[in-house]
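Hi everyone, thanks for coming. Let me put the model up on the screen, and then we'll walk through it together.

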Amino acid sequence: MAKLKLFKQDGSQNGEIEVKDEVFAIEPNETAIFDVILMQRASWRQGTHSVKSRGEVSGGGRKPWRQKGTGRARQGSIRSPQWVGGGRAFGPTPRSYSFKLPRKVRRLALRSALSRKVSQENLLVVDALSFDAPKTQAFKEVLNNLNVNEKVLIVIDKDNTNAVLSARNLENVTVVDQENVNVYDLENNAKVIMTQSALSSVEEVLA
């Protein structure tokens, strides 16, 4: 089993913890990571784009000129797509871009992203992140103690409100609980900091 260093909030080391190789030490599957990120980004699209077809544009009820004898091309409505002010042919209509991937693929992508962070030594584990009150400066001191200056993802225990409120004003800091760990955030941040209990929960689900 792989071993990770365990830190305290003050930056001092507090021993080591063992993690399962099938979650944190696999060969990253690039295809699974790509597909899951594509799925996440697609689900964020609003899909509210809409244009009017020739049947939805007002006017154009009368045939502009007779069918034959004018020397001009036959026309049935001034709201046909080839006319200025006419409807749009095959234009975008409201739709959902979201799609689903098998659970095995989604979990493989999560394990791959976590394993890559471990192999690059960009995953830090702290025993706990506890704050007496919401205070941005206190959270900033924790990051300084851990020598984290890059874009960072913080994975905390659920209902740790003080930690969420303390970090929300910090630039390049994303906070999620253990139930909302996702591939996009893991790949979009240079460093990942996880509490020990959050790590155990994620490991239990993915093992």
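Before I go on, the housekeeping. This is a predicted model, where local features need pLDDT of at least 70 and side-chain atom pairs count only at pLDDT 80 or more, while totals for chains, interfaces and linings use all residues. Residues are numbered from 1 along each chain as its sequence is written, and side-chain values use heavy atoms, with hydrogens and water left out.

Okay, the overall layout. The protein chain splits into domain 1, which is 2-45 plus 99-206, and domain 2, which is 48-94; those bounds come from an automatic or database domain assignment. Over C-alpha atoms, the centres of domain 1 and domain 2 are 55 Å apart.

Now back to the sheet. In what order do the six strands come? They go β2-β1-β3-β6-β4-β5, in an open sheet with mixed pairing. At the edges you have β2 (13-19) and β5, each pairing on one side only. On average, neighbouring strands here are turned by 30° against each other, ignoring direction. For angles, axes are lines fitted to C-alpha atoms, for helices over the stretch in contact, and the angles run from 0 to 180 degrees between N-to-C directions.

Strand β4, residues 152-156, pairs with strand β5, residues 173-177, in the parallel sense over five bridges. Ile156 is across from Asp177 in β5. With helix α5, residues 161-167, β4 and β5 form a right-handed β-α-β unit. Right-handed here is a viewing rule: with the strands pointing away from you, the path from the first strand over the helix to the second runs clockwise.

Lys5 stands opposite Glu16 in β2. The hairpin of β1 and β2 has five residues between the strands, and Gly11 in that hairpin takes a positive phi near 95°.

On to the helices. Helix α7, residues 196-206, lies across β1 (2-7), β2, β3 (123-126), β4 and β6, and runs at about 95° to β6. Which residues of α7 are buried? Ala198, Leu199, Val202, Glu203 and Leu206. They cover an arc of only 135° around the axis, so they sit on the same side of α7; that arc is taken from the directions from the helix axis to the C-beta atoms. Buried, by the way, means under 20% relative accessible area, exposed is over 50%, and partly exposed is in between, with a 1.4 Å probe and protein chains only. The cover over those buried residues includes β2, α1 (21-24), α3 (103-119), β3, β4 and β6.

Helix α4, residues 136-145, has Phe139, Val142 and Leu143 as its buried residues. Their arc is only 95° around the axis, which puts them on the same side of α4. They pack against β4, α5, β5 and β6, where contact means heavy atoms within 4.5 Å. After α4 comes Asn147, with a positive phi near 60°.

Thr195 lies in strand β6, and it counts as buried because its relative accessibility is 0%. Leaving out residues up to four places away in sequence, Thr195 touches Val125, Val126, Ala128, Leu129, Val155, Ile156 and Asp157. Thr195 and Asp157 are 38 residues apart in sequence, yet 7.1 Å apart in space, C-alpha to C-alpha.

The other two are in helix α3. Leu110 is one of them, buried at 15% relative accessible area. Beyond its neighbours within four places in sequence, Leu110 contacts Val181, Asn182, Val183, Leu186 and Leu206. Arg116 is also found in α3, and its 17% relative accessibility makes it count as buried. With residues up to four places away not counted, Arg116 touches Pro28, Glu30, Ile33 and Glu187.

Conventions:
Two strands pair if DSSP finds at least two bridges between them. Helices (H or I, at least four residues) and strands (E, at least two) are DSSP runs, numbered from the N terminus.
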